[in-house]
Amino acid sequence: KVGAGFEQQITSAAAKFPGMVRRGTEVFGELSAAARAVGSATEFSASQAAAALNFLATAGFQAQQSIRALPKIVDLATSAGVGLGVAADIASDALGQFNMSSKDTEVQTANLSRIMDVMSKTATTANVTIEALFESFKDAGPVATAAGASIETVSALVAALANAGIKGARAGTAIRAVFTRLQAPTGDAAKVIRRLGIETRDAAGGMLDVVDVLGSVDKALEKFGTAEKAQILKAIFGEEAIASVNVLLATGSKELGKYRGSLEDAAGSTKKLATVIRDTTEKDIDGMSS
């Protein structure tokens, strides 16, 4: 019964990859072997791994990309304490949110590793879970990417807000407002930014580094009282984002930049965290059972 269930799941997953991979083909065998390897080496079963492959197939991954991605997604699931399906969903969606999807298997694998390592390191160095971080990415990621910001930059902003109790979608909405208002200021916001002499764009018309821009805003506000600062921030960022902007300004551009630098050096964080978490009696029992 267990074998038949796995067969059904891996067959259903394989059929959803480009070209509709069928039983008996070499690629099908590789997909099956990848899922079985997860079952034999980790706390997750082969059937759960097949379900993760199904998520990747529906997200547009190619078969070889999914085979390369599966061990990394297993580590993310262990690190985040979520199911393989949820981990696959988070990883694939984050690729799209930061415009990092690629048809090239090597590039796709490298981008996936980068995203997961940044998320894992953020979750272990700030008061935020990987799931809450992903909720922030949903709102902030696409807008930040359009403004030329990296996932490390967005994660640094999310971390600063999370440490102040502003998390999930609320943090994402605030960060989206920051990028939207600074990238293309209009009306009163544009007037205030001009009056304060704050530069938000480079010579080519692209948005300057948001961390540097926030530093410029903070410096420009030094000569104003608290009430005037509140009015200026409201004019630039909108009323709902004021609390979050105040947290980012209080954190400071220097600290934000320093933390972002640590995330840019996050390679291998997911694997390291998963290895530590698996080194327990409970995980050993789960691994034996699977």
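Modeller: In what follows, contact means heavy atoms within 4.5 Å. Please note that this is a predicted model.
Colleague: Understood. Which residues of H6 and H15 meet?
Modeller: From H6, Met116, Asp117, Ser120, Lys121 and Thr124 take part, and they meet Ser269, Thr270 and Leu273 of H15. By class, this contact has two nonpolar, four polar and two charged residues.
Colleague: At what angle do H6 and H15 pack?
Modeller: The angle is about 55 degrees, and the axes lie 7 Å apart.
Colleague: Staying with H6, is Gln108 buried or exposed?
Modeller: Gln108, which is found in helix H6 (residues 105-125), is buried, with a relative accessible area of 4%. The cut-off for buried is under 20%.
Colleague: What is Gln108 in contact with, leaving aside neighbours within four places in sequence?
Modeller: Its partners are Phe61, Gln65, Leu95, Met100, Ser101 and Ser102.
Colleague: Changing topic, how do H8 and H9 pack?
Modeller: Helix H8 (residues 151-162) packs against helix H9 (residues 168-183) at an angle of about 125 degrees, with the axes 10 Å apart. That makes H8 oblique to H9.
Colleague: And is their crossing left-handed or right-handed?
Modeller: The crossing of H8 and H9 is right-handed. H8 contributes Val154, Leu157, Val158 and Leu161 to the contact, while H9 contributes Ala171, Ile175 and Phe179.
Colleague: How many nonpolar, polar and charged residues does that contact have?
Modeller: The contact of H8 with H9 has seven nonpolar residues, no polar and no charged ones.

Terms used: Residues numbered from 1 in each chain as written. Predicted model: local features only at pLDDT ≥ 70, side-chain atom pairs only at ≥ 80, totals over all residues. Heavy atoms only, no water. Helix = DSSP H or I, 4+ residues; strand = E, 2+ residues; numbered from the N terminus. Buried < 20%, exposed > 50% of the residue type's maximum accessible area, 1.4 Å probe, protein only. Axes fitted to C-alpha atoms, helices over the stretch in contact; angles between N-to-C directions. Parallel < 35°, antiparallel > 145°, perpendicular 65-115°, else oblique. Left-handed = near helix turned anticlockwise from the far one by under 90°. Nonpolar A, V, L, I, M, F, W, Y, C, P; charged D, E, K, R; others polar.
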